[in-house]
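Me: Here is a structure I would like to go through term by term. Set each value against its definition, please, and then conclude.

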Amino acid sequence: MTNEEKRKHSRIDSVNLLNYVYFDENEEEENQGMGRTLNVSESGILLETHSPMDARRTVSLTIGFKEDVVDIKGKVVYMRKMENNMFESGIEFFDMDRSADLVLKKYIEAFNENTQP
């Protein structure tokens, strides 16, 4: 089974700047910084950062989607170091409020409409 088959939602390639706060195993703030999304779905993102993130840790994200900004919490499900010394982390969303969910769905729908042949 491929990663695409395991996912609940399809991902779109999308670069969005974001701010993150990364928490340790005691839910204490461990690190914060800037990053960018590489792809986005209704249930998670692929995040590129300068710092590594351990799997199963919590991260709070503030993401700009065009003119909207949303705050979303997520769990790091995997991380890998890239050849350019950057880190890619797969983030699965949880505890998303209704307004963030609506903005995310609106953004994905608009993206899909603009990429239709």
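Reply: Helices (H or I, at least four residues) and strands (E, at least two) are DSSP runs, numbered from the N terminus. Asn85 sits in the loop between strand E6 (68-81) and strand E7 (87-94). The model is predicted, with local features needing pLDDT of at least 70 and side-chain atom pairs pLDDT 80 or more, while totals for chains, interfaces and linings use all residues. Numbering starts from 1 along each chain as its sequence is written, and side-chain values use heavy atoms, leaving out hydrogens and water.

Me: What does that definition give for the protein chain as a whole?

Reply: Two helices and seven strands. Read from the N terminus, the order of elements is α-β-β-β-β-β-β-β-α.

Me: What makes the phi of Asn85 worth a remark?

Reply: The phi of Asn85 is near 65°, a positive value in a residue other than glycine. Most residues other than glycine have a negative phi. Glu27 also has a positive phi, about 65°, without being a glycine. Glu27 is in the loop between E2 and strand E3 (29-40).

Me: Why is Glu27 put in its accessibility class?

Reply: Buried means under 20% relative accessible area, exposed over 50%, and partly exposed in between (1.4 Å probe, protein chains only). Glu27 has 47%, and therefore counts as partly exposed. Of the 117 residues of the protein chain, 41% count as buried.

Me: What share of the contacts in the protein chain joins residues 24 or more positions apart?

Reply: Among contacts with a separation of 6 or more, the share is 55%.

Me: How do you know what length to expect of helix H2?

Reply: The expected span is 1.5 Å times one less than the number of residues. H2 (residues 98-114) has 17 residues, and its first and last C-alpha atoms are 24 Å apart, close to the 24 Å expected.

Me: Which residues of H2 are buried, and what puts them on the same side of the helix?

Reply: The buried ones are Ala100, Asp101, Val103, Leu104, Tyr107 and Ile108. They cover an arc (taken from the directions from the helix axis to the C-beta atoms) of only 165°, so they lie on the same side of H2. On the other side, Arg98 and Glu113 are exposed.

Me: What are the values for Val103 and Ile108?

Reply: Val103 has 15% relative accessibility and counts as buried. Ile108 has 8% and counts as buried as well. Apart from its neighbours within four places in sequence, Val103 is in contact with Phe65, Asp68 and Val70. From Val103 to Val69, 34 residues away in sequence, the C-alpha distance is 8.4 Å. Ile108 and Val40 are 68 residues apart along the chain, and 8.0 Å separates their C-alpha atoms.

Me: Why is the ring pair of Phe65 and Tyr107 called tilted?

Reply: Rings of Phe, Tyr and Trp (its six-membered ring) pair if their centres lie within 6.5 Å; planes under 30 degrees apart count as stacked, over 60 as edge-to-face and the rest as tilted. By this rule there is one aromatic pair. Phe65 and Tyr107 are 4.7 Å apart centre to centre, with 45° between the planes, which is the tilted class. Phe65 is in strand E5 (residues 58-65) and Tyr107 in helix H2, so the pair ties together parts 42 residues apart in sequence. Both Phe65 and Tyr107 are buried.

Me: What makes the link between Asn16 and Tyr107 a polar contact?

Reply: A polar contact is a pair of N or O atoms within 3.5 Å; within protein, one must be able to donate a hydrogen and the other to accept it, and residues adjacent in sequence count only if both atoms are side-chain atoms. The side chains of Asn16 and Tyr107 are joined by such a contact of 3.3 Å. Asn16 belongs to the loop between strand E1 (12-13) and strand E2 (17-23). With a relative accessible area of 7%, Asn16 is buried. Not counting residues up to four places away in sequence, Asn16 touches residues including Gly35, Val40, Ile63 and Phe65.

Methods:
Contact means heavy atoms within 4.5 Å.
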